[in-house]
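Subject: Structure for you to look at

Hello,

Here is the structure, for you to open beside this message. My notes on it follow below.

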Amino acid sequence: MATKKQSESILEAERGKTQPPRLFKVVLLNDDFTPMDFVVTVLQRFFNMDRERATVVMLQVHREGSGVCGVFPKDIAATKVEQVSAFARQNQHPLACVMEEN
């Protein structure tokens, strides 16, 4: 079997520049009906915060109207928003959770 040599043309792999994924903030919004303890539970359960950190974020939501729970790639942020919203609905609370581009 004959083989051909390509002496003048060497193929080199081109390396494309990969961009890191865009990040999104997951934000809880204040309302007048969701109990503070429920918000702390949400932060502990879905964002792996200890009780002290969850309380600080809950108080920020309460005082400032919103609080950042974490920053994630788009698909993870969307999943967190859906999990929190579904959990709030199951427990009959109007807690709103949104994502914003970082």
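Cys69 is buried, at 8% relative accessibility; buried means under 20% relative accessible area, exposed over 50%, and partly exposed in between, with a 1.4 Å probe and protein chains only. Cys97 is also buried, with a relative accessible area of 7%.

Before the rest, two notes on the source. This is a predicted model, in which local features need pLDDT of at least 70 and side-chain atom pairs count only at pLDDT 80 or more, while totals for chains, interfaces and linings use all residues. Residues are numbered from 1 along each chain as its sequence is written, and side-chain values use heavy atoms, with hydrogens and water left out.

Next, the core. A nonpolar core is a set of buried Ala, Val, Leu, Ile, Met, Phe, Trp, Tyr and Cys residues joined through side-chain atoms within 4.5 Å. The largest one has 24 residues, and among those with the most contacts inside it are Val26, Leu43 and Val84. Helix α1 gives this core its largest share, seven residues. Helices (H or I, at least four residues) and strands (E, at least two) are DSSP runs, numbered from the N terminus.

Leu43 lies in α1, residues 36–47, and is buried at 0% relative accessibility. Leaving out residues up to four places away in sequence, Leu43 touches Leu28, Asn48, Met49, Ala54, Val57, Met58 and Cys69; contact means heavy atoms within 4.5 Å. The C-alpha atoms of Leu43 and Val84 are 9.0 Å apart, although 41 residues separate the two along the chain. Val26, with neighbours within four places set aside, is in contact with residues including Phe47, Cys69, Val81 and Cys97.

Last, helix α3, residues 74–90. Its buried residues are Ala77, Lys80, Val81, Val84, Ser85, Phe87 and Ala88. They lie on the same side of α3, because they cover an arc of only 165° around the axis, taken from the directions from the helix axis to the C-beta atoms. These buried residues pack against β1, α1, β2 and β3. On the other side of α3, Asp75, Arg89 and Gln90 are exposed. Just after α3, Gln92 has a positive phi of about 60°.

Regards

Note on methods. The expected span of a helix is 1.5 Å times one less than its number of residues.
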